[in-house]
Amino acid sequence: MIHLRREERFFEKMGTEYPSSPAIPSRPASPFSVPQSSTPFKSSGPVVGPEASAFRHAPPSSTQITPPSSSSGSMVGTEASAFRTIPSGMPNGAARPPPTSGFPNMPPAAGPYQPFPAPQFSSIAQVPPPRTSLAGQPVLWPPVRPVSGSFSTSPVSLNPTQPTPVQMGSPPQSGSMVQPDIVAPRSPIDSQFSAARATMQQSSPTAGSVYPVARPSFQSSFPGYISQQTTAGAQAQPRQSLAFPPQPGGYVPPMPAASSPYFAQQGCYAAPPSVASQLGHPREQIRHPGSTHPMAVMQGLVEDFSSFSIGSVPGSFDSGLDSKVLPRPLEGDLERNTLSEMFPLNCSSRYLRLTTSGIPNSQSLASRWHLPLGAVVCPLAEAPNGEEVPVVNFAQTGIIRCKRCRTYVNPYVTFTDSGRKWRCNSCALLNDVPGEYFAHLDARGRRIDLDQRPELTKGSVEFIAPTDYMVRPPMPPLYFFLIDVSVSAVRSGMLEVVAQTIKSCLDNLPGFPRTQIGFITYDSTLHFYNMKSSLNQPQMMVMSDLDDVFIPLPDDLLVNLSESRTVVDAFLDSFPSMFQENTNVESAFGPALRAAFMVMSQLGGKLLIFQHSLPSLGVGRLRLRGDDIRVYGTDKEHILRIPEDPFYKQMAADFTKNQVAVNLYGFSDKYTDLATLGTLAKYTGGQVYYYPSFQAAVHKDKLCHELARDLTRETAWESVMRIRCGKGVRFTTYHGNFMLRSTDLIALPAVDCDKAYAMQLSLEETLLTSQTVYFQVALLYTSSSGERRIRVHTAAAPVVADLGEMYRMADTGAIISLFTRLAIEKTLTSKLEEARNSVQLRIVKALREYRNLHAVQHRLGGRMIYPESLKCLPLYGLALCKSIALRGGYADAQPDERCAAGYTMMALPVKKMLKLLYPQLIRIDEYLLKKTSLAEDSKDKDIWKGLPLAAGSLDPQGLYLYDDGFRFVLWFGSMLSPDRVKNLLGENFAADYSKVSLREQDNEISRNLMGLLNKYRESDSSYYQLSYLVRQGEKPREGYFLLTNLIEDPVGGANGYLDWIMQLHRQVQQNA
Amino acid sequence: MSLYISSLSFLTGLIFLINGLEAYYNYNCNCLLQLMCLADLEYDYVNPYDSAFRINRVVVPEFALQGALWFLHLVTGHWLMFLICLPYLYYNIKLYRSLHLVDVIEIFNQLPWEKKIRLYKLGYLVILLAYSIFWYGVSKKLLVLISETTRKPNYIISLL
């Protein structure tokens, strides 16, 4: 109890003062630091550019540039082509009848207006990417642009007399950091643009006021325009060109062609043509306020909303929307790196993803953001080669942290007073630079040793923690196994697989000479094993008194692996056969857990539990709660999903306190109450693996792989994690598998690369004054090698005053991750249906708010609009409602399966989560026939492009692969040629597929297939995808494995994608 | 005669009330203690294990005390107090049946809610305390009044 307190304090403790010595400290002698010094920061010239721009970008101005500027040159073409198609509505407009009074409300009679995809007075995206502004405006577009119904002002027309307060974001740096020669390439226009933008930000602190300001000014400067909207469309063209004389650098939009082919599509979808919407090219739209007000002049609010129209005639919309245009994440994760472009010094999005990179500047703005506001953190995510986190050793100085807010030194701190002081980026306190850490500043105010300081140039670093951060010597990696040996476990063959896998992993366990290991097995009695190194064979001790568990040998149950290796080997060889004849059906799980706790409580470590039946003896015995159909839909439904016996919660609390992480492997085909057992894993930072009806013959590979990964992956022991953020913002709730040890301190007895944690933040102050909010994730842990380390990830995010900005910078992946966790937590306190409804409700609210944002300026009519960044949110929301944890009711998933899925999803990193929610479906038969190697094909992206998850995507002549990251389903079309099937499956191709396992046959196709599967498995090795073969029309397997997972289809009363969109749209419009 | 009976009932009521006051005082302390534990936890002066232990130790006594007071009101015929205590008792019983102890694992998630409950309870108790003190004073005055009206000692003696 005491050491917990101390550890917390240690976590807070800052580096001690050291006698100052003026010399520049020598580089720490860590082996990691050597390559560092030779890497990129050496070049001073080029570094300045990004840095300068980074600092300059601190004001949110730069956000506007991001989506278009991230595209390469080819983007121009695509955009242009997309635009070319858009204005098709205008010619129709020419033929429009005179307007009716009800025009803006889009009555059914307004059918002809449907084809107007783009709001009339919004112009094409015109935010100047730097290169464009350099080259001048016309370069961006092909000379002949049939842009109609829209006017476009070039950025040049933006008020040139605008002062340029570029340095808004970070006052300390800007003066010295922005070099004229760097600024020069960025055209003055650009900087003015951003400057004005920043000014606007300041001038209108509340989001709502932005629009009111924009609109009146708009109307005043283009007097004819609004009326033009409401008068006959035929007049629009002449009047427009009259009203908008070409501005300097601008152009007059040429008259469009009289009619366009899209005329025929009246009543069909109109807005971004399917190509554009699927490829994800944002259709940028800018509103040109054109105001002469110096503050508001430049607020060229870029709204990249996308839309598709849904027929506005009630009852007839079914034909009004083609499901092909609906957005889908077929390209995988749609991560947008706007933030890392703005703040290149941020840590990678692997480690930290914000639900929106634009932090709202006021509570009122935050309350209009109906999606979760927070972050998903994966502190130990696997880094690709070459991007490993550098290790820094502050041996002499102690770790440098801010005195007040405890922030670790990071790339965003600034050095002043010729290097003697540094200013904390999140609380702005001036701290002293310890003598050993002192370095002179160059002319630009940067430390001259910057290139040797990874902590000042990288968003992610690891500090070697001094003894201040330890409450005890770093623990050795410790693995303890608690194995059920009752008859059902023996029969399933689980014991052999486990024993073999452990044995094969012994050489690869992390922390080689210090690793400790121990075993307890149990049925109706407990069996302890004395593995003292002096023995030849392990000694087994049986304890049958379950009421008063004690440890028979204090020392030799947990042994050093390298010393007792032979004994451990002998044990693993013999123990499956030892219990071969066991007929005991009982399972004394609770007492065994207690015993394991007693053995491990001194050191902590990882406890792996292999449980095959319901605990039936001693403390913690559970009853068959049963899955009662009558319970579903009532208030008692959730009780099935919450732990029944407080014993397990109490044990979990004790485990966490003693630094024990529990990983639970469940195998049974019968009910084992994973809801209760899983709490052990949930609150200790562990993981639940579930293999329903485990059969060694079928599931061996999966168990082998996942157990081996669990044992051998790099693990951080006895860790605590805290995420700090700047003033005015606070993380309030945390979601994931862990236990909170203090309001903001996450206790993680063991953590590895496959675990992610989500948290929500709230604003403490009604108005944020800063321009940037900094987040810092700090994970204090013991590495397997026995070093105490602190991994620090730093990220900066701009504060925005505008809701549209927040939407533009939203990150669907992080939002969905948070949604999933919130929804799963909700299933523990209420009905499944309520959890699903809450997801739907929040999506609706978010879309409605977005609609309201634009409804003022644009005639939206029956169109459904959504921000480009959230185009897949509805689909993922649907997928979430159809995921195992949330789907249906009684019959749709076993309670154990549901709970296991819930526990798993609570810990999944973002990418993995997205893949699970919207799995990949690809057609592979054509690929397999080609005699090409994998390497060549990986370039050919078309093959790997997924198909929509609908039965309509399945061609009976094809062979399809469905991959959700946890399993493969191979779907054989009924008209697939038998030869091909024979080639793949061998002789028994006609047999029942549930009994056929996929093996490599001696032919090219089969080898290709296996190569393909292995490639997919290697791309993400956190879980092993077992292949299931399904033949078209084979019931019920086809339904179980594939059809229920085709989430775009309406299955069993749940909505299909199209219906879902319709439903959302209706609800969005209801109170819009 | 009737006057005498009423004065007697006041006397007994008074005795109980003094006990009751003490009980309410303890009771308030109990609630305050729990609140302080929660606040300490929030500001990280104590770890959740200790905090949960300390709070859980006094939860059942609190419920028992409240039940006893309620019973006292019932027996002594303080119907108003009895009625005021009734919803509180109902809530406690409901809580006791489901989940009355603080869960060390979830304590941080429940912190705002637990604090809110205890704050409301505290407010409720303060009102009760004030009410009983008021009645204590009033009954004292009444006693004086009674003793004044029944000044004649022989009258009382004759009754005894």
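In α2(B), the residues V60(B), E62(B), F63(B), Q66(B), G67(B), W70(B), H73(B) and L74(B) meet a set from α3(B): W79(B), M81(B), F82(B), C85(B), L86(B), Y88(B), L89(B), N92(B), L95(B) and Y96(B). The model is predicted. Helix α3 of chain B covers residues 79-98, and its axis comes within 9 Å of that of α2(B). The two axes cross at roughly 150 degrees. Angles over 145 degrees count as roughly antiparallel, so α2(B) and α3(B) are roughly antiparallel to each other. Their crossing is left-handed.

Now follow α2(B) itself. The helix takes in residues 48-76 of chain B, 29 residues in total. At its start, a side-chain oxygen of N47(B) comes to within 2.9 Å of the backbone nitrogen of Y49(B). Further along, α2(B) bends by about 25 degrees at V59(B). A proline, P61(B), follows within four residues of that bend.

Turn to chain A. Helix α26 (residues 832-855) packs there against helix α36 (residues 1057-1070). The angle is about 55 degrees, and the axes are 9 Å apart. The α26(A) and α36(A) pair is therefore oblique. Its crossing is right-handed. From α26(A), Q840(A), I843(A), V844(A), L847(A), R848(A) and R851(A) take part in the contact. Their partners in α36(A) are W1060(A), Q1063(A), L1064(A), H1065(A), Q1067(A), V1068(A) and Q1069(A).

One more pair in chain A remains. Helix α25 (residues 812-827) and helix α27 (residues 873-881) pack with their axes 10 Å apart, at an angle of about 25 degrees. Angles under 35 degrees count as roughly parallel, so α25(A) is roughly parallel to α27(A). This crossing of α25(A) and α27(A) is right-handed. Which residues of α27(A) meet α25(A)? They are L873(A), Y876(A), G877(A) and L880(A). On the α25(A) side, the contact is made by T812(A), I815(A), I816(A), F819(A), T820(A) and A823(A).

How values were computed. Residues are numbered from 1 along each chain as its sequence is written. Chains are lettered from A and ligands numbered from 1 in the order in which they are written. This is a predicted model: local features need pLDDT of at least 70, side-chain atom pairs count only at pLDDT 80 or more; totals for chains, interfaces and linings use all residues. Side-chain values use heavy atoms; hydrogens and water are left out. Helices (H or I, at least four residues) and strands (E, at least two) are DSSP runs, numbered from the N terminus. The expected span of a helix is 1.5 Å times one less than its number of residues. The bend at a residue is the angle between axes fitted to the seven residues ending there and the seven starting there. A polar contact is a pair of N or O atoms within 3.5 Å; within protein, one must be able to donate a hydrogen and the other to accept it, and residues adjacent in sequence count only if both atoms are side-chain atoms. Axes are lines fitted to C-alpha atoms, for helices over the stretch in contact, and angles run from 0 to 180 degrees between N-to-C directions. Angles under 35 degrees count as roughly parallel, over 145 as roughly antiparallel, 65 to 115 as roughly perpendicular and the rest as oblique. A crossing is left-handed if the near helix is turned anticlockwise from the far one by less than a right angle, and right-handed if clockwise. Contact means heavy atoms within 4.5 Å.
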